[in-house]
Each structure stands twice: as C-alpha cells, then as structure tokens.
Amino acid sequence: MGMGFLPGREIRVIRKAPLGDPTIYLIDSTEISLRQDDSKMIKVEPLYPAPLSIIDSGTYVIANFQAGEFFIQKMKRLGMQIGAELKVIDNHHDCKIHVEIREKVILIGRRMAEKIFLEKINE
C-alpha cells in the first residue's frame with residue numbers, strides 16, 4: 001500500500017522484462033517494478049475493453065483490434081471479428097491462451113493476445 005497500490009487506483013502495465021519478470025507498473029506518475037511473486041499478492045480487475053493477454057477464463061465480445069490491416073485480416077480468417085463472442089478457456093498468463101470461437105478451439109500467443117481487446121459479457 002505504501003507504494004500506491006490502493007483500492008480504486010488505476011494501475012497500468014508499462015512493460016515486462018524479456019522473460020516476463022519483473023513487470024513495470026504505472027500508478028499515477030510513478031513507475032514501480034515488481035517481480036511476479038510480489039505482484040501475485042495484489043488483486044486487480046481489468047478495465048474493459050481489456051487485452052486478451054490479461055483476461056481470465058470466461059465469455060467476452062471482441063471490442064477491437066489494436067493492430068494493422070494484415071493482423072485484422074488474419075483474425076477474420078480465424079473467425080475473429082469485432083462483435084464476435086469469444087470464450088477464454090484457459091489463460092495461465094505465461095504461455096499460449098486457449099480460446100473458443102464459433103465452436104473452434106484456437107491457441108493464441110501472448111503477442112497476438114495483446115492486440116485483441118475484449119469486452120466482458122454481463123451474465
């Protein structure tokens with residue numbers, strides 16, 4: 001709490017080390033570096049739309065893609081387009097993400113998942 005991790009505060013991931021540990025967070029105007037062991041003790045909820053790379057299992061709608069036309073066309077070929085429902089089956093936050101779209105299970109890599117923004121479906 002002394003570093004600014006307080007209830008209701010907005011926390012942004014600025015960057016990660018090449019192997020994923022540590023991660024640098026931005027709270028207000030302060031950058032804070034934390035190792036995974038420490039960051040696991042902090043409970044956060046994403047602000048939506050949020051990138052697929054940080055989302056837990058559940059059902060979502062694709063809100064947008066933050067990428068170029070080539071990436072968007074590649075996603076369309078996989079059946080992923082804005083407004084489509086997507087089910088996140090498994091996301092361990094350290095390897096590929098298992099998703100289901102239109103009854104097809106697809107593995108999405110971390111870098112691709114950072115470009116796919118989802119909106120949570122209220123159930």
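Here is a friendly conversation about how the labels used for this predicted model follow from its values.

Biologist: Let us begin with the whole chain. What makes up the secondary structure of the protein chain, and in what order do the elements run?

Modeller: In this predicted model, the secondary structure comes to three helices and nine strands. From the N terminus on, the order is β-β-β-α-β-β-α-β-β-β-α-β. The C-alpha atoms fill a box of roughly 45 × 35 × 25 Å along the principal axes, and 31% of the 123 residues are buried.

Biologist: Thanks! Why is T23 called buried?

Modeller: T23 has a relative accessibility of 5%. Buried means under 20%, so T23 at 5% counts as buried. T23 sits in strand β2. Leaving aside neighbours within four places in sequence, T23 is in contact with V13, R15, K16, I32, S33 and L34.

Biologist: And why is T30 called partly exposed?

Modeller: The relative accessible area of T30 is 42%. Partly exposed covers the range between the 20% limit for buried and the 50% limit for exposed, so T30, with its 42%, is partly exposed. This residue lies in strand β3. T30 and F70 are 40 residues apart in sequence, and their C-alpha atoms are 35 Å apart in space.

Biologist: What makes β1 and β3 edge strands?

Modeller: They belong to an open sheet of three strands, in the order β1-β2-β3, with antiparallel pairing. β1 and β3 (30–34) each pair on one side only. Neighbouring strands of this sheet are turned by 30 degrees against each other on average, with direction ignored.

Biologist: What is the strand order in the open sheet of six strands?

Modeller: The six strands follow the order β4-β9-β5-β6-β7-β8, and the pairing is antiparallel. Here the edge strands are β4 (50–51) and β8 (104–108), each of which pairs on one side only. Helix α2 (residues 69–77) packs on this sheet and touches β5, β8 and β9. The direction of α2 makes about 145 degrees with that of β5.

Biologist: How do you know that β5 pairs with β9, and with β6?

Modeller: β5 and β9 (residues 116–120) have five bridges in the antiparallel sense. Within β9, L118 is the bridge partner of I62, and I116 is that of F65. On to β6: four bridges join β5 (residues 58–65) to β6 (residues 85–90), and these strands run antiparallel. G58 stands opposite V88 in β6. Both counts meet the requirement of at least two bridges, so both are pairs.

Biologist: How do you know that β6 and β7 pair?

Modeller: Three bridges link β6 and β7 (residues 97–101), in the antiparallel sense. The limit is at least two, so this counts as a pair. D90 stands opposite H98 in β7.

Biologist: Let us turn to the largest pocket. How much space lies in it, and which residues lie nearest its centre?

Modeller: About 1900 Å³ of space lies in the largest pocket. Its lining has 47 residues, and V13, K16, Y25, V44 and I54 lie nearest the centre. The elements giving two or more residues to this lining are β1 (11–16), β2 (23–27), α1 (36–39), β4, α3 (110–113) and β9. The largest share, six residues, comes from β1.

Biologist: How do the residues of that lining divide into nonpolar, polar and charged?

Modeller: The lining of the largest pocket has 23 nonpolar, nine polar and 15 charged residues. Two of the residues nearest the centre show how the labels work: V13 and K16. Val counts as nonpolar and Lys as charged.

Biologist: One last point: what share of the contacts between residues at least 6 apart in sequence join residues at least 24 apart?

Modeller: That share is 48% in the protein chain.

Note on methods:
Residues numbered from 1 in each chain as written. Predicted model: local features only at pLDDT ≥ 70, side-chain atom pairs only at ≥ 80, totals over all residues. Heavy atoms only, no water. Contact = heavy atoms within 4.5 Å. Axes fitted to C-alpha atoms, helices over the stretch in contact; angles between N-to-C directions. 1 Å grid on protein atoms, 1.4 Å probe; cavity = no way out; pocket = protein on both sides within 12 Å on 5 of 7 lines; lining within 4 Å. Points joined across faces, edges and corners; volume = space filled by probe spheres on them. Buried < 20%, exposed > 50% of the residue type's maximum accessible area, 1.4 Å probe, protein only.
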